[in-house]
Amino acid sequence: MLQEITNETIAESGYRRIRADIIFGRLAPGQKLKLESLKESYETSISTLREILNRLSSEGLVVAEGQRGFEVSPMSVADLKEIAALRLLLETHALEQSFAYGEVEWEARLVSAHYKLARMEKVMASGDTTKAEDWKRYDWEFHQALISACGSKLLMETHSAVFDKYLRYQMVALSYRGDVAANEHQQLLDAALKRDGDTAKRVLALHIQGGVEHALAKGSLS
């Protein structure tokens, strides 16, 4: 039993590490994932790696190429637009539910998450990009906090998976949008505390579309 638990722990740890490396761009889009190299880097067996990569393939983060192995899923303008549209659809619905059901504990989570994000946005605005991963982690936490009172675990999990794919584009193709994005986060917080759903949905749409337009303007995608 102990051996089974240990194997499960190693597999789950390896999965989280490889997934994070894909999302944060340390494993680049289109990069071949050679099992022998991964075995050394992630200190796990070939069989466990196959399980992990097949799992990531089912999530759309890895492409399984049959006998040719695996590679990190590529990126494209069309894919970014599709992911952004799905994120907006899910997050807008979840916002409505959170605004309806959120209580004081939800407000406290939201204020706390925004405080951390705002602090990190100031760091990014100073030109210090060494904390880029922390910045995006706090961004994720803020948006998750916004919808955390929606009452649906499945909705939260689905939104999180889509947000992670959007985050991958932000880490690989996007850069910090400056005061525009920070002000949008502040507006989302204010609207949430006032339960102003119309304003929140309008700002969220601008926020997500602004990220897409920023990527296209940079010419980072084809």
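Let me start with Leu189, which is found in helix H8 (residues 179-194), where helices are DSSP runs of H or I with at least four residues, numbered from the N terminus. This is a predicted model, in which local features need pLDDT of at least 70 and side-chain atom pairs count only at pLDDT 80 or more, while totals for chains, interfaces and linings use all residues. Residues are numbered from 1 along each chain as its sequence is written, and side-chain values use heavy atoms, with hydrogens and water left out.

Leu189 has a relative accessible area of 7% and is therefore buried, a term that means under 20% with a 1.4 Å probe and protein chains only. Setting aside neighbours within four places in sequence, Leu189 is in contact (heavy atoms within 4.5 Å) with Leu110, Val111, His114 and Phe142.

The buried residues of H4 include Leu80, Ile83, Ala84 and Arg87.

Finally, the largest pocket is lined by 16 residues, with Arg19, Ile23, Trp140, Ser160 and Asp164 nearest its centre. Helices H1 (2-23), H6 (132-147) and H7 (153-172) are the elements that each give two or more residues to that lining. A pocket here is an open set of points on a 1 Å grid over the protein atoms alone, where a 1.4 Å probe fits, with protein on both sides within 12 Å along at least five of seven lines, and lining residues have an atom within 4 Å of a point.

Terms used. Buried < 20%, exposed > 50% of the residue type's maximum accessible area, 1.4 Å probe, protein only.
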